[in-house]
Amino acid sequence: MIDPFGRPITYLRVSVTDRCDFRCVYCMSEDMTFLPKPELLTLEEMQRLCAAFIRQGTDKIRITGGEPLVRRDVMTLFRSLGGMIGEGGLRELTLTTNGSQLTRFAPELYAAGVRRVNVSLDTLDAKTFSDITRWGKLDKTLDGIFAAKAAGLAVKINAVALKGVNEHEFDAMLAWCGEHGFDLCLIETMPLGEIDGQRADQYLPLSMVRARLRKTWTLQETDYKTGGPARYFTVAETGARIGFITPMTHNFCESCNRVRLTCTGTLYMCLGQDDAAEFRPLLRANASDAEIDAAILRAIARKPKGHDFIIDRATAEPSVSRHMSVTGG
Ligand code: SAM
Ligand code: SF4
């Protein structure tokens with residue numbers, strides 16, 4: 001699949017639920033209305049769409065959400081997609097999770113063929129963790145992270161950089177990740193969905209963070225890539241990597257290789273734009289594989305050039321009204 005700007009589209013992110021057991025301040029408001037269950041694709045419908053994408057050249061799938069591990073029976077999807085790794089055409093199956101359920105699921109994920117997981121952890125301080133996630137417990141996420149490591153999964157820690165909240169912790173987090181062999185990826189907050197507060201109050205440009213980290217750490221340039229948007233450096237002192245996802249300060253759309261499927265079967269060709277293609281009606285009208293394949297190609301032919309994110313005090317409205325938990329982070 002090649003989009004109108006010549007970018008090969010090889011990476012599909014699938015949000016399997018918009019629900020979550022946390023309410024992170026940058027992601028959701030405390031009082032969220034979730035989608036009614038009948039609107040959700042079944043796991044079989046998701047599997048069928050994923051198989052269609054793999055037929056069209058997708059070789060990496062990330063399962064996300066909401067919190068993917070709170071979707072009932074989600075392991076059946078991991079197992080069926082895991083069966084497509086290798087000769088089935090899939091190179092990598094992975095997930096992004098808040099870690100709260102990993103003690104239970106890490107061994108099963110490994111058995112299904114998952115080898116890497118991204119766990120969101122914005123702080124190592126229990127009180128700050130409760131403040132950010134509202135409903136989460138630091139210990140449970142840490143137990144999940146170490147269960148993933150023990151199960152043989154490579155762990156990457158994702159942290160959203162939040163002004164005045166966790167910005168003083170990045171040195172400690174880098175050291176902690178180095179000690180345990182985890183890569184760390186810092187993310188700029190993006191203006192997605194209404195939250196209870198001002199994005200401008202949260203937003204911290206990572207260009208500043210990187211300059212600060214360089215005072216303590218030797219960040220060596222590397223061309224390491226995971227297929228995602230992060231730019232990575234090797235931390236000479238620990239040997240681990242640090243990545244920066246900078247949608248605000250450095251637009252990386254020119255190398256975008258991905259599209260996002262929501263749990264209702266809506267395909268967003270860009271995280272930061274509203275244009276979308278609906279697959280649920282096709283699936284429920286018993287469309288043939290050929291019809292689904294053709295609909296995917298039509299959608300890819302509409303992929304926009306990039307996002308137009310703005311975070312400033314003059315712009316109170318989010319650039320995109322849907323939350324990250326709907327589109328899938
Ligand atoms: N619940 C899982 C988790 O937290 O890892 C998966 C879904 S979550 C939406 C995926 C990633 O998006 C997380 O790393 C989260 O920190 C990030 N995220 C959520 N809202 C964001 C926003 N407005 N800007 C930047 N990153 C955001
Ligand atoms: Fe849930 Fe992940 Fe959003 Fe936090 S970032 S509220 S864990 S979906």
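Modeller: Before we start, a contact here means heavy atoms within 4.5 Å, and the model we are looking at is a predicted one.

Biologist: Fine. Among contacts between residues at least 6 apart in sequence, what share joins residues at least 24 apart?

Modeller: In the protein chain that share is 72%, counted among the contacts between residues at least 6 apart in sequence.

Biologist: And how many helices and strands are there in the chain?

Modeller: The protein chain contains 11 helices and 12 strands. Its radius of gyration is 19 Å, close to the 20 Å that the globule rule gives for 329 residues, so the chain is as compact as a globular protein of that length. Along the principal axes, the C-alpha trace spans about 55 × 45 × 40 Å.

Biologist: What about burial and surface, then?

Modeller: Of the 329 residues in the protein chain, 58% are buried, and the accessible surface comes to about 13,800 Å², with 52% of that belonging to carbon and sulfur atoms.

Biologist: Switching to ligand 1, which residues come nearest?

Modeller: There are 19 residues around ligand 1, and those that come nearest are Y26, G66, T96, S120 and M190. For Y26, an N or O atom of the side chain is 3.0 Å from an oxygen atom of ligand 1. With G66 it is a polar backbone atom that lies 3.0 Å from a nitrogen atom of the ligand, and a polar backbone atom of M190 is 2.8 Å from a nitrogen atom of ligand 1.

Biologist: How much of ligand 1 does the protein cover?

Modeller: On its own, ligand 1 has 540 Å² of accessible area, and the protein covers 95% of it. The elements giving two or more residues to the shell are strand 3 (92-97), strand 5 (154-161) and strand 6 (183-188).

Biologist: And the make-up of that shell by class?

Modeller: The shell around ligand 1 divides into six nonpolar, 10 polar and three charged residues.

Biologist: Now ligand 2, which residues surround it?

Modeller: Ligand 2 is surrounded by C20, F22, R23, C24, C27, M28, G66 and N98, and by class this shell has five nonpolar residues, two polar and one charged.

Biologist: One last thing, is D139 buried or exposed?

Modeller: D139 is exposed, with a relative accessible area of 56%, which is over the 50% cut-off. This residue sits in helix 5 (residues 138-150), and the C-alpha atoms of D139 and D125, 14 residues apart along the chain, are separated by 10.0 Å.

Terms used. Residues are numbered from 1 along each chain as its sequence is written. Chains are lettered from A and ligands numbered from 1 in the order in which they are written. This is a predicted model: local features need pLDDT of at least 70, side-chain atom pairs count only at pLDDT 80 or more; totals for chains, interfaces and linings use all residues. Side-chain values use heavy atoms; hydrogens and water are left out. A residue is near a molecule or strand if one of its heavy atoms lies within 4 Å of it. Ala, Val, Leu, Ile, Met, Phe, Trp, Tyr, Cys and Pro count as nonpolar, Asp, Glu, Lys and Arg as charged, and the others, Gly among them, as polar. Helices (H or I, at least four residues) and strands (E, at least two) are DSSP runs, numbered from the N terminus. The radius of gyration is taken over C-alpha atoms; the globule rule is 2.2 Å times the number of residues to the power 0.38. Buried means under 20% relative accessible area, exposed over 50%, partly exposed in between (1.4 Å probe, protein chains only). Accessible areas come from the Shrake-Rupley method with a 1.4 Å probe; for residues, only the protein chains shown count as cover. A polar contact is a pair of N or O atoms within 3.5 Å; within protein, one must be able to donate a hydrogen and the other to accept it, and residues adjacent in sequence count only if both atoms are side-chain atoms.
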